[in-house]
Amino acid sequence: MANIKRANASGITKSGTAISDVPDAPTIGAVSDLSTGDTASVAYTAATTGGAATTFTATSSPGGFTGTGSSPITVSGLSVGTAYTFTVTASNSTGSATSGASSSLTLAAVGKYESIASTTVGAGGSSSISFTSIPATYTHLQVRALCQTNRAGYVIDAFTVKFNSDTGSNYSWHTLYGGFDSSPSVTVDVGTSATATRFYWGNSSVSANVFTAVVMDILDYTNTNKYKTIRTLAGFDVNGTAGTGSYGGTVCLSSGNWRNTNAITSIEIASTVSANFTQYTQFALYGIKGS
Amino acid sequence: MTTPTKIVVDCSTGQETILPLTAEEIAQREADAAAFAEQRAAEEAAAEAKAALKASAKAKLIAGTPLTEEEADALVL
């Protein structure tokens, strides 16, 4: 199409009908992953010169997937793992103009676990592990741990979990855990209005430094319209010489609650019985995107 | 006695810091431990009492003698 340039403020008149000037090219802005596995957001700034655009269209390369609307435009149909750039075209009945290309964007797989931070306890041991300044860019969090403590000769041990340094009585939990004493047993434990939520790693009348494995999910952690739910699976190895029985390792299923609507920005995990996490204990924090 | 420490990992920088617990944190830690031990002792006492009731109920059932309400509860609740 011919590029018709401005003749006056109203455009060119042809047989009594005003012909709009061609829009000038918009300026491409930021592009971002909308965490659905197939959509991206494309921002632009319309030109303040040239004719008025009636439509703005964002187009991907490769693929030619498009979306229209005002900034930011959502482009659908994309694929995970492909590097895309985007342009935005301003158009009206007279013509169109296209921006330069955006920076490259590769969509992440929905549900993919992304490492945020991790730590390994050194030779001196540590009473607690805290993750602070947790980014708000995920949907859920997961803590994974393989740990030991120096607690021995006690029949039960547990972790406490606090969020955002809240020491108020705003936590609860309910737990089901199986032990391995003279006969296998299952115990239910419930706590309310506590100063931390809690989960057990099981009965332990064995020596210190047994290995405990923990997976803890912290759901919808940035949602400011609800309390926060934590669910945990934990258990430990009995080193083949446990207590008075030989019933294998223990297991604990737990669900906790933090009665606070603030987004979670920090997590503190500690042993309930003044034990220290010993050397080589590892904690890792992961983020999960997608709804 | 060595002062307990805590590990703080700043997720925005990846920086890891080892800090000694403050006197307040140590006191809180000891209070938490004491409360936990008290709760566990109470739970264990309750479990032992229930086990005793069940044993008593079993003996009475075998002997054909009436159970108390507590013994019946121990069997069915």
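The conversation below goes from the contact between the chains to the helices and then to the strands.

Visitor: What kind of model is this?

Guide: This is a predicted model.

Visitor: What makes residues of chain B count as being in contact with chain A, and how many are there?

Guide: The criterion is a pair of C-beta atoms, placed from the backbone, that lie within 7 Å. On that basis 19 residues of chain B are in contact with 24 residues of chain A. Two elements of chain B give two or more residues to this side, strand S1 (5-10) and helix H1 (23-63). H1(B) supplies the largest share, seven residues. By class, the side of chain B that touches chain A holds eight nonpolar, four polar and seven charged residues.

Visitor: How do you know that S1(B) pairs with a strand of chain A?

Guide: Pairing requires at least two bridges between the strands. S1(B) and strand S12 (residues 128-132) of chain A have five bridges, in the parallel sense, and therefore count as paired. Within this pairing, Lys6(B) in S1(B) stands opposite Ser128(A).

Visitor: Why is the span of H1(B) called close to the expected one?

Guide: The expectation is 1.5 Å times one less than the number of residues. H1(B) has 41 residues, for which 60 Å is expected, and the distance from its first C-alpha to its last is also 60 Å. After H1(B) comes Gly64(B), with a positive phi near 75°.

Visitor: What makes a residue of H1(B) buried, and which residues qualify?

Guide: A buried residue has 20 or more other C-beta atoms within 10 Å of its own. Across the 77 residues of chain B, buried residues make up 10%.

Visitor: Why are H1(B) and H2(B) called roughly perpendicular?

Guide: The class covers angles from 65 to 115 degrees. H1(B) packs against helix H2 (residues 69-76) of chain B at about 105°, with the axes 8 Å apart. The angle falls in that range, so H1(B) is roughly perpendicular to H2(B). Lys50(B), Leu53(B) and Ala57(B) are among the residues of H1(B) in this contact, and those of H2(B) include Glu70(B), Ala72(B) and Leu75(B). The contact consists of five nonpolar, one polar and five charged residues.

Visitor: What pattern does chain B follow along the sequence?

Guide: The pattern is β-β-α-α, from two helices and two strands. Contacts between residues 24 or more positions apart make up 3% of those in chain B with a separation of 6 or more.

Visitor: What makes S3(A) and S7(A) edge strands?

Guide: In chain A, an open sheet of three strands has the order S3-S4-S7, with antiparallel pairing. Strand S3 (27-33) and strand S7 (73-76) each pair on one side only, and are the edge strands. Neighbouring strands of this sheet are turned by 30° against each other on average, direction ignored. S3(A) is joined to strand S4 (residues 39-45) by five bridges, with Thr27(A) opposite Thr45(A).

Visitor: How do you know that S5(A) pairs with both S8(A) and S6(A)?

Guide: The threshold is again at least two bridges. Strand S5 (residues 55-61) of chain A has seven bridges with strand S8 (residues 83-91) and three with strand S6 (residues 66-68); both pairings are antiparallel. Both counts reach the threshold, so S5(A) pairs with each. Thr57(A) has Thr89(A) as its bridge partner in S8(A) and Thr68(A) in S6(A). Four residues lie between the strands in the hairpin of S5(A) and S6(A), where Gly63(A) takes a positive phi near 105°.

Terms used: Residues are numbered from 1 along each chain as its sequence is written. Chains are lettered from A and ligands numbered from 1 in the order in which they are written. This is a predicted model: local features need pLDDT of at least 70, side-chain atom pairs count only at pLDDT 80 or more; totals for chains, interfaces and linings use all residues. Two residues are in contact if their C-beta atoms, placed from the backbone, lie within 7 Å. Ala, Val, Leu, Ile, Met, Phe, Trp, Tyr, Cys and Pro count as nonpolar, Asp, Glu, Lys and Arg as charged, and the others, Gly among them, as polar. Axes are lines fitted to C-alpha atoms, for helices over the stretch in contact, and angles run from 0 to 180 degrees between N-to-C directions. A residue is buried if 20 or more other C-beta atoms lie within 10 Å of its own, exposed if 12 or fewer, and partly exposed in between; C-beta atoms are placed from the backbone. Angles under 35 degrees count as roughly parallel, over 145 as roughly antiparallel, 65 to 115 as roughly perpendicular and the rest as oblique.
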